[in-house]
Amino acid sequence: MTGSAPTFPAPEFKEPIIAIVGGYGSGKSEVAVNLSHLLVQSQPEPVTIADLDIVNPYFRSREAASQLDKLGIRSIVPEGSLHYADLPIILPQIKGAIENRDGKLVLDVGGDDVGARVLSSLHDAFEKGGYEMLLVINANRPFTSDVAGCMKMLNDIEKSSRLKFTGIISNTHLMEYTTPDTIMDGYRLTQEVATKTKLPIVFLSAMSEIVTGVEPGLIDVPVLLLDRYLLKPWERS
Amino acid sequence: MAKILMKGNEAIAEAAIKAGCVNYFCYPITPQNEVGEYMARRLPEVGGAFLQGESEVAVGNMLFGAASTGQRVFTTSSSPGISLMQESISYMAGAHLPVVIVNIMRGGPGLGGILPAQSDYFQATKGGGHGDYRLLVLAPSTIQEAVDLMMLSFHLAEKYRNPVMIIGDGMIGQMMEPVEFPEHHEEPELPSNDLWAITGAKGREPRVIKSLFLDPKLLDDNSWNLYDKYARMEREEIRFESYRIKPKNKILIVSYGTMARICQTAIDELEKDGVSVGLFRPITLFPFPSKQIAKEAKKKNIENVLVIEMSTAQMKEDVDLAVLGAKPVKFYGETGGLVPSPDAVKEQIMKLIKNPNDELKRR
């Protein structure tokens, strides 16, 4: 590669609440943790992350809680033995945080319509003010690999959560096999979904060493550069 | 086919469909629930049906019934659920039925916890149910290997007309990795299941598939027939992988499943520091690669064999039996959902390099 790597504008948010929602394994937790990190660095308000994943037993944002604490991000996660449970626990502090709208609140929601159902019970708190509800799409996941699959996911989640999406996140990757083409293939699918739904692509998220390999000018939305927080036991950051 | 990103549980489900299995029964339990979710969504698309049993006991008997018809069938569960199926697993082994059972292991005993563990090694390899029977037990360490072994398992079940069990710790079910499915699935030819299965008795004598033999001579025959099958498995089905095994190594690690991958990270990092350690990873836990482990352990420079598991030293008993005192067999492990880190593994290895006669702390 010659010259300096392209730099991308980072996403910015006016709304105090950002709910990260999507299919199982679309990358919600990793995006939510990285977004919280970006927000704590890029704007003055306090940042809180809340783990609302009640359908997944492993690889939830709560696993990064101690790291987040060091970065100055407050996390609302179940304490004690409940930390390890996959029970339908919604901490009362989460409802309080949504109602108070104090600083920025990032919500890491469980996968599919089943995982997003938890939002339905918080519906009234959400409707008291502004919020973003963002659909994470990874085109390499089996049920969101085409427009029809993404539309079904979007409609099912809106139905079960009783909330409307406000935007889309393009988070297509193939772990260690991700190439710039992987990112662009996913971005194109997300663009089609955006056109069909009239929702904006709020940002694209990708590992910085790969997204910098994308030809300049092809990505015309903000980019969230990802670090890996939720590692497998044999992986090193 | 291009690679896609799948959770282990989803990949196991899709692999079964790709291997031509459209019969699946299960009862929900963490951490394997995505298999049922996936099958409920996918099976109607391929002409199959997912039926949730009223309990794991019911599911075990549904497997017996479906397998008796010569159709491919499988179930998935996790440790406590697998315990509930033991009666029917023994019945299916006794009745020579091909069936595939996947155990995505969580911490035990009892209800235990929902985090990854390898504490069902004894249950899988030494029986679990009653009587003189064995399961053919396969242990993948990656999602791709889980797919490959899942597709192979139906063939093995039919080749031996015996239940095959795939055991993966919770990590195998829950983590995501890129996987690839073969464009065309091919298997070696086997005699048709129609030769023994219940397919309708039109034009032939009715068949009875059972594990009840009141005549002791017939029961004795059945048990020795089973014994001969297991002996044949030991001759033909041993699978394992060696990693960085070199003549100069002083330590041989034996580890399986995702625990072996943690050991690989430790081994790779030690190699960079100039410390060479080899890993032996059994893929079949029954039949166990005893001769192959003994051969590696007896090599001149090996001072210690180090077994690392997420259990309180269950596989170690088989390694002890393989090595038969030729070299010391040491153990390191954590259980209950605690997963040893690469750093912890490195620390244990370095202790043994410095003081080969030391006993390791349990965890």
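A:Arg228 and A:Glu30 form a salt bridge, with their closest N and O atoms 3.6 Å apart. A:Arg228 sits in the segment after β8 (223-226) of chain A and A:Glu30 in helix α1 (residues 28-42), so the pair ties together parts that are 198 residues apart in sequence. The model is predicted. Over all chains, the count of salt bridges comes to 34. Side chains of opposite charge can pair when their charged atoms come close.

**Chain A: overall form**

- Chain A has eight helices and eight strands.
- Its radius of gyration is 17 Å, close to the 18 Å from the globule rule for 237 residues, so chain A is as compact as a globular protein of that length.
- The C-alpha trace of chain A spans about 50 × 40 × 35 Å along its principal axes.

**Chain B: overall form**

- Chain B has 13 helices and 14 strands.
- A compact globule of 363 residues would have a radius of gyration near 21 Å, and the 21 Å of chain B agrees.
- Along the principal axes, the C-alpha atoms of chain B fill a box of roughly 75 × 50 × 40 Å.

**Where chain A meets chain B**

- The contact involves 24 residues of chain A and 32 residues of chain B.
- Together the two chains bury about 2,600 Å². Carbon and sulfur atoms carry 64% of that area.
- Three residues of chain A stand out: A:Tyr58, A:Trp234 and A:Arg236. They supply 31% of the area that chain A buries against chain B, more than any other three residues.
- Four salt bridges cross the interface of chain A and chain B.
- A:Arg141 and B:Glu10 meet in a salt bridge, at 2.7 Å from N to O.
- On the side of chain A that touches chain B, 13 residues are nonpolar, five are polar and six are charged.
- Nine residue pairs are in polar contact between chain A and chain B, counting pairs with both residues at pLDDT 80 or more.

**Where the two domains of chain B meet**

- Domain 1 of chain B gives 32 residues to the contact, and domain 2 of chain B gives 24.
- About 2,300 Å² is buried between these domains of chain B, with 55% of it from carbon and sulfur atoms.
- Three salt bridges span the interface of domain 1 and domain 2 of chain B.
- B:Arg261 pairs with B:Glu177 in a salt bridge, the closest N and O atoms being 2.6 Å apart.
- Polar contacts between domain 1 and domain 2 of chain B number 16 residue pairs, both residues at pLDDT 80 or more.
- Several elements of domain 1 of chain B each give two or more residues to the side touching domain 2. The helices are α6 (121-125), α7 (143-160), α8 (170-174) and α9 (216-236) of chain B. The strands are β6 (136-138) and β7 (163-169) of chain B.
- That side of domain 1 of chain B divides into 19 nonpolar, six polar and seven charged residues.

**Backbone points to check by eye**

- Most residues other than glycine have a negative phi, and most peptide bonds are trans. The cases below depart from that pattern.
- B:Gly108 and B:Pro109 are joined by a cis peptide bond, with omega about 0 degrees. B:Pro109 lies in the loop between β5 (99-105) and α6 of chain B.
- B:Phe286 and B:Pro287 are also joined by a cis peptide bond, with omega about -5 degrees. The loop between β12 (284-286) and α11 (290-297) of chain B holds B:Pro287.
- A:Arg101 is not a glycine, yet has a positive phi of about 50 degrees. A:Arg101 is in the loop between α3 (92-100) and β4 (104-109) of chain A.
- B:Arg161, a residue other than glycine, has a positive phi near 45 degrees. B:Arg161 lies in the loop between α7 and β7 of chain B.

Key. Residues are numbered from 1 along each chain as its sequence is written. Chains are lettered from A and ligands numbered from 1 in the order in which they are written. This is a predicted model: local features need pLDDT of at least 70, side-chain atom pairs count only at pLDDT 80 or more; totals for chains, interfaces and linings use all residues. Side-chain values use heavy atoms; hydrogens and water are left out. Contact means heavy atoms within 4.5 Å. Buried area is the accessible area (1.4 Å probe) that two parts lose on being put together, summed over both. A salt bridge is a side-chain nitrogen of Lys or Arg within 4 Å of a carboxyl oxygen of Asp or Glu. A polar contact is a pair of N or O atoms within 3.5 Å; within protein, one must be able to donate a hydrogen and the other to accept it, and residues adjacent in sequence count only if both atoms are side-chain atoms. Helices (H or I, at least four residues) and strands (E, at least two) are DSSP runs, numbered from the N terminus. Ala, Val, Leu, Ile, Met, Phe, Trp, Tyr, Cys and Pro count as nonpolar, Asp, Glu, Lys and Arg as charged, and the others, Gly among them, as polar. The radius of gyration is taken over C-alpha atoms; the globule rule is 2.2 Å times the number of residues to the power 0.38.
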